[in-house]
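Please open the structure in your viewer and keep the selection tool at hand.

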Amino acid sequence: MANIKSAKKRVITSQIRAERNKAIKSKVKTYIKKVDAAVAAGDKAAAEAALPVAISEISKAASKGIFHKNTAARKVSRITKAVNTLA
């Protein structure tokens, strides 16, 4: 454990940020899974309903620095392409 006050503060801050990042990443994964599940089931209406919500969550995560902007763009592109391939 750190002895210096500023180092102790950094440990606590790092833990808080790590928990926040983990929660946001988990949330994004959940919304992506909802889109993927709808696509796998062939339910175009559900997939199109879940897509904007997932894109919104991914964009929020990217704006907060949880995901790199290119990672966010890739995730959005992949789920959008999956939804668009449904007949």
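Begin by selecting Ala 61. Leaving out residues up to four places away in sequence, Ala 61 touches Ile 24, Val 28, Ile 66 and Phe 67. Please bear in mind throughout that this is a predicted model.

**The nonpolar core**

Ala 61 also belongs to the largest nonpolar core, which has 17 residues. Within this core, the residues that touch the most other members are Val 28, Val 35, Ile 58, Ala 61 and Ile 79. Select these five together. Which helices supply at least two residues each to this core? They are helix 1, helix 2 (44-63) and helix 3. Helix 2 gives the most, with six residues.

Next, select Lys 25, which has its place in helix 1. Its relative accessibility is 36%. Buried residues lie under 20% and exposed ones over 50%, so Lys 25 counts as partly exposed. Apart from neighbours within four places in sequence, Lys 25 is in contact with Ile 66 and Phe 67. Ile 66 and Phe 67 are also among the residues that Ala 61 touches.

Is Glu 57 buried or exposed? With a relative accessible area of 12%, Glu 57 is buried. When residues up to four places away in sequence are not counted, Glu 57 touches Lys 27, Val 28 and Tyr 31. Now display the distance between the C-alpha atoms of Lys 25 and Glu 57: they are separated by 9.4 Å, although the two residues are 32 residues apart along the chain.

**Helix 1 and helix 3**

Finally, select helix 1 (residues 5-41) and helix 3 (residues 69-84). Two packed helices are described by the distance between their axes and the angle between those axes. Here the axes of helix 1 and helix 3 come within 9 Å and cross at roughly 20°. Angles under 35 degrees count as roughly parallel, and therefore helix 1 is roughly parallel to helix 3. The crossing in which helix 1 passes helix 3 is left-handed.

Which residues meet where these two helices are in contact? From helix 1, select Ile 32, Val 35, Asp 36 and Val 39; from helix 3, select Lys 75, Ile 79, Ala 82 and Val 83. By class, this contact has six nonpolar, no polar and two charged residues. Val 35 and Ile 79, which take part in this contact, are also among the core residues that touch the most other members.

Note on methods: Residues are numbered from 1 along each chain as its sequence is written. This is a predicted model: local features need pLDDT of at least 70, side-chain atom pairs count only at pLDDT 80 or more; totals for chains, interfaces and linings use all residues. Side-chain values use heavy atoms; hydrogens and water are left out. Axes are lines fitted to C-alpha atoms, for helices over the stretch in contact, and angles run from 0 to 180 degrees between N-to-C directions. Helices (H or I, at least four residues) and strands (E, at least two) are DSSP runs, numbered from the N terminus. Angles under 35 degrees count as roughly parallel, over 145 as roughly antiparallel, 65 to 115 as roughly perpendicular and the rest as oblique. A crossing is left-handed if the near helix is turned anticlockwise from the far one by less than a right angle, and right-handed if clockwise. Contact means heavy atoms within 4.5 Å. Ala, Val, Leu, Ile, Met, Phe, Trp, Tyr, Cys and Pro count as nonpolar, Asp, Glu, Lys and Arg as charged, and the others, Gly among them, as polar. A nonpolar core is a set of buried Ala, Val, Leu, Ile, Met, Phe, Trp, Tyr and Cys residues joined through side-chain atoms within 4.5 Å. Buried means under 20% relative accessible area, exposed over 50%, partly exposed in between (1.4 Å probe, protein chains only).
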